[in-house]
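Please read it alongside the sequence and the coordinates.

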Amino acid sequence: MMTPQLFNDIITVYPEILMTIFALTLIVIDVVAGDKMKASVGYFGIAFVALVALLCPAGPFIGFNNMLIWDNFSYVFFLIFAMAYTLTTLGSIEYLKDKNMLKGEIYIVMFFSLIGMMFMVSANDLTIFYVGLETMAISMYVLAGFNKHCLKSNEAGVKYFLMGAFSSGIFLYGLSFIYGLTGSLTYTDIAAALQGHGSDSLGIKFGLLLMLVGFAFKISAVPFHMWAPDVYTGSPTPIAGFMTVAPKAAAFGALIRFTWVAIAPASEQWTLFFTILAVLTMTYGNLVALAQENVKRMLAYSAIAHAGYMLIGLVTMTPEGIRAITLYMLIYSFMNIGAFTVISMLKNKGMIDDERIESFAGLSKKNPLVALAMLLFMFSLAGIPPLAGFVGKFYIFIAAIKAEIYWLAIVGVLNSALACYYYMRVTIFMYFKEPEYETELTLKAPSFIATFIAAVLVVLVGFFPSFFVNLVSSLTV
Amino acid sequence: MMENILSILIFFPLVAAFVIFLFLRGGKTTMWATFIATIIEFILTIPLMTSFDKTTAAMQFVEKADWIPALGIQYYVGVDGISILMIFLTTLLTAIAVLGSFTYIQKRQREFYLALLVLETGMVGVFLALDFFLFYIFWEAMLIPMYLIIGVWGGKRRIYAAVKFFLYTLAGSVLMMLAIIALFFKHGEITGIYTFDIMAITAQAVKYTAGFQTVIFLAFFLGFAIKVPMFPVHTWLPDAHVEAPTAGSVILAGVLLKMGTYGFLRFCLPITPAASISFMPFVAILSVIAIVYGALVAMVQSDVKKLVAYSSVSHMGFVTLGIYAINQAGIEGGILQMFNHGIITGALFLLIGAIYERTHTREISEYGGIAASVPMFATIFLIFTMGSIGLPGMGAFIGEFLVLVGAFEAFSDYAIIAASGVIFAAVYMLWMYQRVLYESLNKRWEDLKDMNLREIIYIMPLLIIVFWVGIYPETFTSYMHESVKHLVEQVFTAGVAMK
């Protein structure tokens, strides 16, 4: 007989169980599939995430003694991961085939990383969170170094691993303080303990600081971002797109839950910490991106800057803030992966050598549709209406003004005006300059579909944001 | 059809662009299809003009629908006496700009005309939107096509000009976005209803504190001043004008600059009346500087297009001076001058474009005496030169006269200095005319071709309107009497209530 308690526990972890079963099935499919059919692993992966998205129970469920939660918040973040997985998979097939790297593993490892991410966001307990984090992170290390014969990719993998392990260590060290002083690892218990004892104790402050630094590493907030540009640049292009979106979304999801549930009583301290980080991250990310000649590196710094905007939502400490971050992440997922997909389609000399921005020169003549899609992605990332990116930014600033943090909102908008320039540079090359290299473009069905979906979403969500807005409009943690 | 004429006006060009994009191929076909579409769009504004009720200041042809209900964002459009002339100007100039580009645009014609159509949707949308979010979307959405028009089809330094234009406008408007959000919350706090409805937010203007109004005013003012452009944020304008292709310059001067002054009328004055009143002298000083400075700089230009660009700075100074006189004459003069400037400067850019296509130079010193070989051009150019100076009998005279009357009532000192701008205008325009068309004939231009039929066709409507406004301005000013009266009352009742 299944007790109601057990039933409740199982239904709470049901999406993750489903994902694990599917992940194992993917391994089998990979074995069965012939060498030429490895792309099918990816397609099955897409089908599986879609299936899970449909089969997920509506929450909220709290199980395992308050350690795990499945609610709308987890679900929306799962949708972000699923979107990232789908678009990355579609966008990567041709690229990987070209580089002779098309193996089933890549999609399987990516699939496993999704499970880790789901645990991170659904965790209501630091143990669960940590297990999820490592599942995600180890998969990511593998993916970063996936191009075995490329030195840069190897470097990316090792660097990511070292920095990841280092930040995990810091995080765990901080965690040990919190555990020692509050006596619990469950978010709600930590909150209760903080409420009771107050958060003034030096040990708790120190522990929290270390944990938040660990988080800051994961969301690549300045000054804990130094791994990000190298890792994103070195990784295979479609994977880099995935890494700028999904792990960051997971870290943000987990961070929101942790800060809002577990350490809400100490909000004065951590909002200050993240306010400083938000300003640094936006400004530094944008300023450095201005100077980049390598497109991937530029987008890496832009990814850092975007984390800064999202941090504005975090420090508002209002439900609008959470919703704004979630919406932003949702929109960011397809526009950024769209941009990376276009980059991975280009393969002229400049792109192969060092991914120089000049490789885009003259693209609008050679392939006007792809250029138009890239233009949309760039202006959307810059936050120009009526494209989706603007809706995301608008919500962030609404949250900031509602919370009356005007100066941070002003820093944010000035930054987004500044950022516009480097996104425009790509369009300058595409539209205004003559081609420097013989433009070669692999435009096959899967990558075309990925670009098309992302471009259509960028426009559609810009004009009719209601659907996405409603998705996040009642989110709380 | 009349009940949703405004939506048709906004979206017809966009739909046309989409249909052309999907179903038509080839540059020439797109060109003609775009021309037909813009003509239809212009014809659609005629029933709007004729069935417009001139006896009320209320918004007409209003359409309202929920768009993003979670935030109180609506699709809300309407037209009143302030915006209707701008709609007329926009649709007219776009059609003319298309006709004016037939031979000028040689490369990538298809994209050019599609960009123009998308741009038209944005421009019409800006003047009709009555929801802040909608307004902001249109306001910014215009940037992308205009950026491409300057950047792809422009002159030598086009990239620099395009980027500068984009960044300047964007920098101004991001703060405006924050101001809009702040108004959204302020209105919600006062009434309990959270909405971006411009009319509703305006209706509560009396209740906004003076400090709040000042902040909002400054944020709006910066955004609009860049667009006008007012001294000292005008530096993007000469670059953009000189580098843009003819159609780009016409639309830039004719329509885009008007959005800044339209913003003053629609937002700054009624929403922040107290701040507007206290900033009156400040804006007047900036306007006077723009009038005199723009004229002086125009005088020393060696490039015809740049000269006209700087003259825009000077002329737009009159508009802002009139608007910030905040009285019936001043504001009416300002609006009429917006209209006139669009027509006259648009025509001047078209004429310069036409002659540039033949000579491939815009340097004043390289011309000389061409009146002999192109008499028709010389005549028409002379008419618009006189129009620009403000010769009685032509549109600009009425506009500037009203502005000066209004300004004299509000601040007589500045009005006196501003009036000198009219003299400067005569100096730089006539001097330019003399150097380009008279003096001894440069041998290079002996067999220059005179204007052809197409060029005469597109200049004709502008010619008619210039004299029409000059001789019987009531046709145009009658649209705005009620709206302007209402606006002035609104500002003063609210502004006085504050004190």
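**Cavities, pocket and chain contact**

1. The second largest cavity is lined by A:Ala382, A:Gly383, A:Phe390, A:Lys393, A:Phe397, A:Ser416, B:Tyr136, B:Glu140, B:Leu170, B:Val174 and B:Met177. A cavity is a set of points on a 1 Å grid, over the protein atoms alone, where a 1.4 Å probe fits but cannot get out; lining residues have an atom within 4 Å of a point. Its space is about 70 Å³. A volume here is the space filled by probe spheres set on the points, with grid points joined across faces, edges and corners.

2. This is a predicted model: local features need pLDDT of at least 70, side-chain atom pairs count only at pLDDT 80 or more, and totals for chains, interfaces and linings use all residues; side-chain values use heavy atoms, with hydrogens and water left out. Residues are numbered from 1 along each chain as its sequence is written, while chains are lettered from A and ligands numbered from 1 in the order in which they are written.

3. Which elements each supply at least two residues of the lining of the second largest cavity? They are helix 17 (388-402) of chain A, and helix 5 (132-141) and helix 7 (158-191) of chain B. Helices are DSSP runs of H or I, at least four residues, numbered from the N terminus. By class, this lining has seven nonpolar, two polar and two charged residues. Ala, Val, Leu, Ile, Met, Phe, Trp, Tyr, Cys and Pro count as nonpolar; Asp, Glu, Lys and Arg as charged; the others, Gly among them, as polar.

4. The whole structure holds seven cavities of 30 Å³ or more. The largest cavity has about 100 Å³ of space. Its lining includes A:Met136, A:Tyr160, A:Phe217, A:Trp227 and A:Lys248. Helix 6 of chain A gives the most to this lining, with four residues. The residues divide into eight nonpolar, two polar and two charged.

5. The largest pocket has about 1,900 Å³ of space. A pocket is an open set of points with protein on both sides within 12 Å along at least five of seven lines. Its lining takes 49 residues, of which A:Leu372, A:Leu376, A:Val459, B:Phe18 and B:Val118 lie nearest the centre. Helix 19 of chain A supplies the largest share, eight residues. By class, 41 are nonpolar, four polar and four charged.

6. The area buried between the chains is about 3,200 Å², with 84% from carbon and sulfur atoms. Buried area is the accessible area (1.4 Å probe) that two parts lose on being put together, summed over both.

7. A:Ser466 lies in helix 20 (residues 466-472) of chain A. Is A:Ser466 buried or exposed? A:Ser466 is buried, because its relative accessible area is 16%; buried means under 20% (1.4 Å probe, protein chains only). Not counting residues up to four places away in sequence, A:Ser466 touches B:Trp67, B:Ile68 and B:Pro69.

8. B:Asp239 is in helix 10 (residues 236-243) of chain B. B:Asp239 counts as buried, at 9% relative accessibility. Its side chain makes polar contacts with those of B:Arg157 at 3.5 Å and B:Lys164 at 2.9 Å. A polar contact is a pair of N or O atoms within 3.5 Å; within protein, one must be able to donate a hydrogen and the other to accept it, and residues adjacent in sequence count only if both atoms are side-chain atoms.

Note on methods
Buried means under 20% relative accessible area, exposed over 50%, partly exposed in between (1.4 Å probe, protein chains only). Contact means heavy atoms within 4.5 Å.
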